[in-house]
Every structure is written in structure tokens, then in C-alpha cells.
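Please read the following report alongside the sequence and the coordinates.

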Amino acid sequence: MKNRNVNRLVTAMCLFMMAIAIDAQVTVTGSMLGPLRARSIGPAVMSGRVSDIAVVDTASRRFYVGAAGGGVWKTTDGGVTFKPVFDEYPQSIGAITIDQKRPDTVWVGTGESWTRNSVSVGEGVFRTTDAGRTWTKAGLDSTERIARIVISPKDPNTVYAAVPGPLFSDSEHRGLYKTTDFGGTWTKVLTGDARTGCSDVIIDQKNPKILVASMWSFRRTPYSFVSGGPGSGIFRSVDGGTTWTRMVKGLPTGDLGRIALAVSPVDSKLMYASVEAKESAMYKSTDGGISWERRYVGSVVDIRPFYFSRLVCDPKNKDVLYKCGIQMYRSDDGGLTFTIIAQSAHSDHHAVWIDPSNTQHILLGTDGGVNESFEQGKTVRFLQNLPVGQFYHVTVDEATPFNVYGGLQDNGSWRGPSNADGGISNGQWLFVGGGDGFHVAPERGDANVVYWESQGGNINRTNLRSKETKNVAPTPDDGSLKLRYNWNSPIIRGSSQGVIYVGSQYVHRSTDRGDTWKRISPDLTTNDSTKLNQGGNGGITLDNSSAENHCTIYTIVESPIDDQSVWVGTDDGNLQRTTDGGATWKNYSSSITGVPQGAWVTSIEPSPHDAATCFATFDGHMRGDMRPYVYRTNDNGKSWSSIVTADIKGYAHTIRQDPVQPRILYLGTESGLWISLDGGTSWASFRNNLPPVAVRGIAFQNPHHAVALATHGRGMYVIDNLDILRALDPRSINEDLTVLPTVPAVRSQGGGAGRWFGGDADYVGESKSESAVVWYFLKERHVRGTFTIAVKDSAGTVIRSVPGSSRKGLNSVELAMRGPAPLTANSEIGGAFGSLMGPLLPEGVYTVELNKAGLIKTTPITVVTDTAYGHSIEDRHAQEQLVAKLYALSEELAVTVGQVRAGRDTLKTMQRDQAVIDTLDAFYKRLVNTKVGQVTGEEQLRERLSSLFGEVNGYLGHPTSSQETLALALEVKVKEATTQAQEILGPYAFETRAQIEDRLRRAARTRK
């Protein structure tokens, strides 16, 4: 208890001092964090949900992929490589349309329209006219999601946007919109009601005044989904959208749900519609949508119509029709029957494109990325290089490099390395468990035991050594089936080995890795019976995947200070805590003002520094409230204050306090990552290599000074160098140049062979830089005078000097851990390849000097050897000494060869002493290789010396006895060559050796 009181006093003093200094501190914005960047580590092995694909019809190797939460990706080489081209804008993509007559013009509608519970939101329409290099916002900001964009075939300025509108609230911003001025202004030409929007639209390519659109009534809440209503239906216009007529002939009566439309490129009067109804069916029209004929009834159309509502007609054969669904379906008889194609592709299809010049060639977009077929779907090739996975959470272990663990939307649970030689390849990610993946966590002390779950409380434990998996989900105490698990149920490790927590409506605790459980709480939810009718969920089509399970526990956290203190948050607004291991519980919801009733408690962060401090995030977006809610208590929950500022964008998912520096907070929202360096007083948007993607999980790896981020759309990211961020205190920056503390620079030879050849289509996540880094902060941009950074040894000799970075804010300069390569003898043929790399700096303390136009700051940097090698000090010193000797011999031989060549060439120019010229030429040929050809096998003195230098320089342990013996022999030969050159050229008053050396060094600097 005494320690807790001390902690509280320290925290109070820190907050008081922070308040005093707040007016004087520098406000650090995201742009000022400069080189502190996020590394994308993938993976792409399972990719992620693709919502749309758009291809240039006349150049099928050029296409765009729209991800559910990962932005827009472009390829110009048929999918061999992809580049993200939309990273400054909302990452949830609903529709992409190319102006095929002007293919550099591309329209993007943001906000995915495949409206599952975890779908993100958009911010309207964007347009590029330079193939994705730049984008212009083109309106419809309040529409939230856009399902389809079509361009008039006769006027590129006339564009239609099908807007289903907001998913979680009533809205007037629904319907079919039209622009005639290239997106400058939009007019709603087909209007629904507050719950009815436009989900699809097709246009007659021969007569663009004829349009057919489908309207759809729908609504999600946290506990229900309804698809269908009286406003749903098919509408037709013959005057470009000015007037509309509802089509009913041949269509089902009663309430309808979502309707997919397609028009044949062969015959513009031939149209198809997949109609959700009491009896869903495929319909066909041969008169341009006026009348319809029912063709097919069955699972192709009646399974999850809200999620699978895309029809595409074959460009050449009017009887061939493709339908997206759990599988990819093709009809060859005008929608009467269907067969499954692309059976090896990931399930859940959302997009399909058929090549108009070769209809055997198709592209498919699924919940698991993009597939391509050149056999009309008989076989497919998975494009395994789109890192658009939708992670929900992240956990890390204590390995070196540490591993990250997480579960993905419809793509299972995985483990992967945070760093790898040559980059992190897909093959280095390990599949842990299936289904929709959520929480994944290794057992403390034994990372080969992993807990993971799939939707609805399916809790498992896998032994990665034996590959055995055991279901360890708690069951009801009385054997009934009354436990309520969230679709994304928490499974949380305790601070002790073997301790895990799982949440239903109760908190369950196990101390033996899940083999036995004890329920340690009552029902902590509101247990509202009006929100527990998931069995009747879906509206017209029943849909109960556990996605709408409600009145459940969503987050559980054991205090890092006291394992008897456990915080719990529910999806219906309760924030509760026990301080006695579950014997009693207290609900703090009434103490928190300003949070809408029933908002999800999405994360809780008990401070690792102070037992009385806790942070929490709340989310009301499933009730239509997109604002962030982030709160802090400093008095054990008695009172709470908001720490949200106007800078924060996106509803809040998770908050974490830095485990080392309490004033630093990390906040993940639907629109990215936010960092506060002053306890939440101000926030900076962190956008350094991290797009505005949903950040769902944050996990610290303290020994590595790193944080891992689980994004819901762009896979995993790692931010290194947290020690620099922790040292960056805005209150103490009062000089023009502030040098931040350095960490030891580790001597390492790197990863040997790295990775094998993978081709350009092989996705590789970013590795961590191994260079030594000097970090500093500039209050203002450096604009006048030189700015250099030099590394000096203990004698004050400059080893390396580089220009300083001059941007305002945080800067970093990477310093190579190696000295310059030695001078090597020149030859007209080839090079001395073993000498291309200089030696690693010897262990010791060096001085880094920053000279900013005369303002000089210094900081020490210690160089150590990677302990993984296990070499003794004596062995390392032996290697350093031999490298130094060979280095000096290489430079001596370089001067000698330079002397010989210069003397020979000068005598040739003077046309005198032919015998001496012949002697020098023969001597030269014994010193360096001169045979023409890259692989001649010729080795003279230079080649043997360079080869030996490379061998010894590439291994940090004791050289072999053979290497030491050869070095002695080569030393004799180099000395002999020096003597012989002096003897031959002594009578002549040519360049001195010092002059030759100076010339060679100047030439080497010029080449760099």
C-alpha cells in the first residue's frame, strides 16, 4: 500500500509539473516526427477483402484493386507488382470506375458497400486524371459508402453514383446521384427514404438516357441487421435520371432486399437481376428492364444477399453470366443454372472482371485477395502480394527478433517475425488457426503454446511443436447453452504463466492454460432482452453468424501492477472493475459523462505506472455516432475526464500508455494512429509510412524499443526506436538543436545469404535498419550555412562525415558501421571484389559531432559486437588486427600499382626507355589481373589480397591459421613489390608515392 501511495504522489507531481510547463513547450505535430516511421511487415500470404477491381479494357495488365479497408492499389504489369496510390485518403473502398475512353481518369467511391458488421466508412468520391498520381475530392462527403459509379458513354462529365448511404443511422444522403460537370456538383436523381439508398445502377451504352437502378432498405445496429423493406426495388429512367418508374412486371411482390444488376455488353436490352425476396431468385429482362422473367432459385442467390450482390455479364456471349457469392458462380444459359468455378480460390467473392479481348481471362476479388484465371475460372492463380489483411488485435512475444500474433477478418490467426534478413517473406508467417481470427496470444514463457479464437467464442490452444489443437472454451456451469460470446470475444493472458481470461457475459479465469475454468463474475452486461434476438436476425434473409451477438464482454484487462485488479468493458456500455480477484465488482459507467449510453467499451488501459490511473476508449459508431471518446481517471475510476482534442479523427478502438514513459500515449482510431507526448493534452497524427487506416491493436516490445500495430486493412506495422520518442520531451526543447541520447550501435555482418530469389511478385515486408542512427530535433528548419555530422574516434580523427538533415522537428541520420573501403589497385579489367566493403568499426566509444553552421553539439556513441556471435574478446581483436593489416597492405599495393602504371604511361608518352617500359608492363601484369573477360580465373597479387581481405572482413571471429599464414606471405609480396617499384622508378623524377596516394583518394571520393 505504501508503494501505491508513492506512485500516486509521483504521478500527481508529474501532472502538476506538466501543467506548469505546458505553455512553454514545443507543440510536436505528426509532420515533425519525420524519420520515426512505421515499417509494413505484411503479410500478404492471405491478403484481405477486396471490394472492387477496375481494369483498363485495352491494356489488361493495368488495373486497380480496391480493398475493404486497405485503399487503392495499382499495377501496370498484370499484378506482378502493386503500388498503393490512395494513401492520403480514406482506406475503405466501395467502387472504382475507369473512363475506358480516357483510361487515366479513374473515379473512386469510398466506403465499402458489402455491409458486414466490421465494415469501415468513407468520405465521398475522389477522382484522378493522371492514373493515380494525384487525386481530387469530388463531393458526396456525407454519403458514408458508395456502391457503384458509372460514366455516360457519350459524355465523360456525366457520372452517376449509387449511394446506399450510412449503415448505422438514418440519413437523407441516400439515393442515386448525378453530376454533369465532372464531379463539381451533384444532384440526387433517385431518392429513397431515411433507410433506403441506391445499391446498384446500370446504363445503356448505346442510349445513355436509359438507366436501371436498384434501391435497398437496410439498417444495422450493434445487435441486429435488417435487409429489406418497402422502399427496395428496381427503377427505370429513359431521360437520364430526371424521372423514374418502378418496375414490377414479373418481379416478386412484397418487401424486397438487396438487388444486383447487370447489362449485357452484347445486347443492351438484355439485363439480369439477382433479387433478395421472400424467395430470392435470378431474373432476366430482354426489353431493357421493363419486364422480368424468373430464371433460377437456390443457394447461388439466397445466401447472404447483402454481402454478395455483384453480377457481371460476359463481354462477348450474352448467355454467360457471373454471380459473386460464397463461391464464384457462372451461368452458361442466361441465368437458368449455375456452376461453381475458381474452386481453389478463397471463398466470399465480391468482384469479377472479364477481359473483353479474351473472355477466358478473368480477375476475381474475394475476402482473400485477388485471383486470376486464363481458363474462365477452371484454374486460378492467387496474387500473393497485396498486404491488405484486416487484423483485429496484436500480441508480441519475447523472441529476438520478436514475433507478432494476430487474427484476421475471414483469414484465420497467424504468427510472423517482426524482422528478418532480406525482408519478411510470406513464407515466414505461420498459420495458427482458422475461421475469422481475433485474439491470438502466446503463453507467457512458452511461445510455442498459442491461444487463438474464431468468431463467437471458439477458444483454442495450439501446441506449435506437436501441431495439436485443443478447444478450451469455457462452458456453462450447469451444462446449458446460455453463454453469450461476442463475435470478437476477448481472450487475454494474465501476468502469470498459465493464467488466461475469457469473456462471455461473465468473466472466466483459468490458471492451467484453459483446461479448467472458474467463473469470477456475475453477468457484467445490461442483459437487455430486447437486444438478444440474434436467431431472428437478417431481415428478409436469415443471417446469424454471431456478428450481432450482444450484451457481451468485449474487453478484459488485468492490471500490470496488481493481478487482483481486473477491468472489464462490455459492448453495451458497462465499464466494471474488481480489486479482489472477482469477489466483488463495481460499475463505473455512471461516473463517465459525455459518452453516449450503450457505447462499446473498446479498450481499457490500466496504467503500468500508477495503480489509480486508467484509460478507456468508447465507440458509438454502430449507433451512428462517429466521434472518438477517450477518457482517463487518476482516482481509481471515481471521476473521468475526456482527453480528446479536435485533432483526433475517427472513432476510437484502442489506447495504450507507454510502458516506460508515462506521458506518452498511443491511440488507434478508425482513421489511423495518434500519439500524445504530453499525457493527452495534444495529439499528433502519425502518418510516417502509415496510411489513415483503422488501427485496432497496439502492443509494446520493450527490450526492442518497438511497438506493433494491428491495422484493419493494411496488415501489421512496427515502429522502432521508441527510445527516441521517449527522450523527445516537448517541455525540455529550448534550444535550436537538441541532440537525443544514442543507443549502442551493434556490429553485425548481417544475415548471410538473406533470402532466396523470389522474383518481383514475391511480397517482402520491410526489415529494420541495422545502421547506427543519430537523432536530433530542430526547433526550426535549418536554411543557412553548412550542417555536417561527423564520427570521430578516440583520437579525434574523423572516420566519416555526412550532411545533416535540415527539416524542422525530429531528424535522423544513419551512420554506416563500417569505415571506408580500402584503396585498391586499379586494373583495366574487372575489380577487387573482396575489397568493396570497408571494415566494421572496432568496438569502443566514438564521438558524433553535429556542426550546424558553427553551433556544435556532440554525443557519444558506443559500438559493440552482436552477442549472438559468441566470439571472445581475444578472437574479435585478432580479427580486427588482421583486417587492419590487410587493409593497409591493400592501400600500399594500390599506391604501388598506381606508381607503376603512371611511370609506364609517362615513359610511353615520352617515347623513351623501351626496356624500362617493358619491365614495368610485365611487373604490372604480375600485380593485377589483365586478361579480358569477366570470368577468366586469373589471380594476381591484387586478387589474392582482395579475396583474403573479404574473407577475414566477413567473419568477426578468429581468422583461420591458413588465413593468417597466407596474410604473412602476401605481406612479403606487397613489400617486395613496393621495393621493386622504387628501384625501377627511382632514377626518374615522376610523382612521389604521397602524390599518387593523394590522387587515388581524391578519385575514390569522386566515385562516391
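## Basis of the model

This is a predicted model, in which local features need pLDDT of at least 70 and side-chain atom pairs count only at pLDDT 80 or more, whereas totals for chains, interfaces and linings use all residues. Residues are numbered from 1 along each chain as its sequence is written, and side-chain values use heavy atoms, with hydrogens and water left out.

## Strand 54 and its partners

Strands are DSSP runs (E, at least two residues) numbered from the N terminus, and two of them pair if DSSP finds at least two bridges between them. Strand 54, residues 665-669, is joined to strand 53, residues 652-657, by five bridges in an antiparallel arrangement, with Ile655 opposite Leu667. Strand 54 also pairs with strand 55, residues 672-676, over five bridges in the antiparallel sense; here Tyr666 stands opposite Ile675, and two residues lie between the two strands of this hairpin.

In a regular strand the side chains alternate between the two faces of the sheet. Both faces of strand 54 are covered, with Leu665, Leu667 and Thr669 on one side and Tyr666 and Gly668 on the other, all of them buried (under 20% relative accessible area, 1.4 Å probe, protein chains only).

Elsewhere, four strands in the order 40-41-42-43 form an open sheet with antiparallel pairing. Its edges are strand 40 (491-493) and strand 43 (518-519), each of which pairs on one side only. Strand 41, residues 500-503, and strand 42, residues 507-510, run antiparallel and are joined by four bridges, and Gly503 stands opposite Val507 in strand 42.

Terms used: Buried < 20%, exposed > 50% of the residue type's maximum accessible area, 1.4 Å probe, protein only.
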